[in-house]
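Please examine the sequence and the structure shown below before reading on. The paragraphs that follow lead from the aromatic side chains to the surroundings of the ligand, and then to several individual residues.

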Amino acid sequence: MVDDGLSGSARDFRVPGGPDLLTRGDAFHRWQDGRRRNGVWPYSRATESGPATACDAYDDAGRAQRGVNFASQDYLSLSAHPAIAAAATETIARFGVHSAGSAVLLGNTSISVALERRIAEFLSMEEAILYPTGWAAGYGVIRGLVRSADHVVLDALAHTCLQEGANAATRNISVFRHLDLDHCRSKLRSIRAKDAENGVLVVTEGLFSMDSDTPDIIALQQLCREYRATLLVDVAHDLGCLGDDGRGQIGIQGMLGKVDLVMGSFSKTFASNGGFVATNKRAIKEYLRYYSPSTTFSNALSPAQTAVILKAFEIVGSTEGHILRGKLLENVTFLRNSLVERGLEIFGDPSAIVCVKVGAENLARVVSRSLPDMGLLANLVEYPAVAKGSARLRLQVMAGHSRSDILHAAECIRKAVDASVDDLMHAAGRTQAA
Ligand SMILES: Cc1ncc(COP(=O)(O)O)c(C=O)c1O
């Protein structure tokens, strides 16, 4: 029965009023609970088995689910790799479980220092600095470098960590249409027409996490040079897993070592929490160490996390890594083809992120509700995370998925969409009749 929980969005509760902060969550919670009761709150699920390709989970109302898992971010399937697990346990035996300090105050280990070197080498940059998460890196690099008189020019779909970093740093924020170089140029031109004194940071991603598309990084860097701006590229979703050598879009576009600032996350391909910023200037690394609050005043990655990431870099750079990337791309191509053959619409270019367009939020919620019962775990992405009316299922492919996992996913989605369209039509018919 399709009824409640299908209207409204999280956006409706972003700016609640009233003097009592402790009531701020009430209206949101009521709305969320309506969705939960109707089985259309697919968020905050928990797994019983880690991010495996088939996964036991339960939703946040406690209902058990089991299915093929396209909802985890583990693109090269490294989180279950035996060498990664061994690196973690050996490191815990040697260093214990905790960094027990920020990188500034004895939170570094010989492994974290080696990891910073490895990241810089991998990207052909001079320096890299670690952050506790990718989010902290995106936020922190902007907050650390940009001051209130400076400007930030963001791609419209830049990740929330980049938007929040910009909001915390300055009011001078401009947004250009997604991937639109001409619009970016016109923003830079009008900023520089009025302000030759202050800094300008242009922010984009190597691979966008909802649309799976990519900017022209060469042209953006060139544009930045023209207008004395600095380019920051977030490579969270492409580093390690995309491109022949795993250097992501920066490598594919021949820009290794040539982008002003590169930031990334380890949580998609490198089997751990954590993030980094890479730069060609030691002075920038040192400045961020002491002026970027999300690293300066936050405990460093744990020794086990740094060892996992370092081992993941070793695998990513090896023949095995090359084979895993090949397997991932095969899986991505097979999934995209299987979806299209079934008349489903997908976004963007081949990458580990395969988003299937559903459209209306109510339909997408009903589709997403039916998937676990059919044996598929996939994430629902809806407004305001994406534009209104552009709700989608986001599937994140792993090297470890099998062909039958992929066929199963495509079949489930086709069936779920058809059944949900029928469901909603019947519900609308009943409402009209009543
Ligand atoms: C583009 C992008 N940047 C940064 C992050 C934050 O990374 P993390 O989850 O490792 O904190 C994410 C994660 O969702 C992301 O998609």
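Does Tyr291 count as buried, partly exposed or exposed, and what is its relative accessibility? The model under discussion is a predicted one. In this model Tyr291 has a relative accessibility of 47% and therefore counts as partly exposed, because that class lies between the limits of 20% and 50%. Tyr287 belongs to the class of partly exposed residues as well, with a relative accessible area of 32%.

Across the whole structure, a search finds 13 aromatic pairs. One of them is formed by Trp135 and Tyr139, whose rings lie 5.5 Å apart from centre to centre, with 15° between the planes; this pair is stacked. Both residues belong to helix 4, which covers residues 134-145, and because they are four residues apart there, about one helical turn separates them. Trp135 is partly exposed, as its relative accessibility is 39%.

Tyr287 and Tyr291 form a pair of their own: the ring centres are 4.2 Å apart and the planes meet at 15°, so this pair is stacked. The limit that decides the matter is an angle under 30 degrees between the planes. Tyr287 and Tyr291 lie in helix 9 (residues 282-291), where a spacing of four residues puts about one helical turn between them.

Phe13, Phe28, Trp31, Trp41 and Tyr43 make up one aromatic cluster. The ring of Phe122 has the charged end of Arg247 over it, at 3.7 Å from the ring centre. Over the face of Phe334 lies Arg403, and here the distance to the ring centre is 3.9 Å.

The next topic is the ligand. It has 13 residues around it, of which Asp234, His237, Ser265, Ser267 and Lys268 come nearest. Grouped by class, this shell consists of three nonpolar, seven polar and three charged residues. Several polar side chains can be traced to particular ligand atoms. In the side chain of Asp234, an N or O atom is 2.6 Å from a nitrogen atom of the ligand. For His237, an N or O atom of the side chain is 2.6 Å from an oxygen atom of the ligand. Ser267 has a polar side-chain atom 2.7 Å from a ligand oxygen atom. The ligand taken alone exposes 390 Å², and the protein buries 84% of that area.

Three further residues illustrate other surroundings. Asn38 is found in the loop that runs between helix 1 (26-37) and strand 1 (46-47). Its relative accessibility is 17%, so Asn38 counts as buried. A polar atom of the Asn38 side chain lies 2.8 Å from the backbone oxygen of Gly34.

Thr295 is located in helix 10, residues 293-296. With a relative accessible area of 3%, Thr295 is buried. The side chain of Thr295 reaches the backbone oxygen of Leu130 at a distance of 3.5 Å.

Val104, finally, occupies the loop between helix 2 (82-95) and helix 3 (110-122). Its relative accessible area of 28% makes Val104 partly exposed. How far apart are the C-alpha atoms of Val104 and Ala61? These two residues are 43 residues apart along the chain, and their C-alpha atoms are separated by 42 Å.

Key: Residues are numbered from 1 along each chain as its sequence is written. This is a predicted model: local features need pLDDT of at least 70, side-chain atom pairs count only at pLDDT 80 or more; totals for chains, interfaces and linings use all residues. Side-chain values use heavy atoms; hydrogens and water are left out. A residue is near a molecule or strand if one of its heavy atoms lies within 4 Å of it. A polar contact is a pair of N or O atoms within 3.5 Å; within protein, one must be able to donate a hydrogen and the other to accept it, and residues adjacent in sequence count only if both atoms are side-chain atoms. Accessible areas come from the Shrake-Rupley method with a 1.4 Å probe; for residues, only the protein chains shown count as cover. Ala, Val, Leu, Ile, Met, Phe, Trp, Tyr, Cys and Pro count as nonpolar, Asp, Glu, Lys and Arg as charged, and the others, Gly among them, as polar. Rings of Phe, Tyr and Trp (its six-membered ring) pair if their centres lie within 6.5 Å; planes under 30 degrees apart count as stacked, over 60 as edge-to-face and the rest as tilted. Helices (H or I, at least four residues) and strands (E, at least two) are DSSP runs, numbered from the N terminus. Buried means under 20% relative accessible area, exposed over 50%, partly exposed in between (1.4 Å probe, protein chains only). A charge sits over a ring if NZ of Lys or CZ of Arg is within 6 Å of the ring centre and within 35 degrees of the ring normal.
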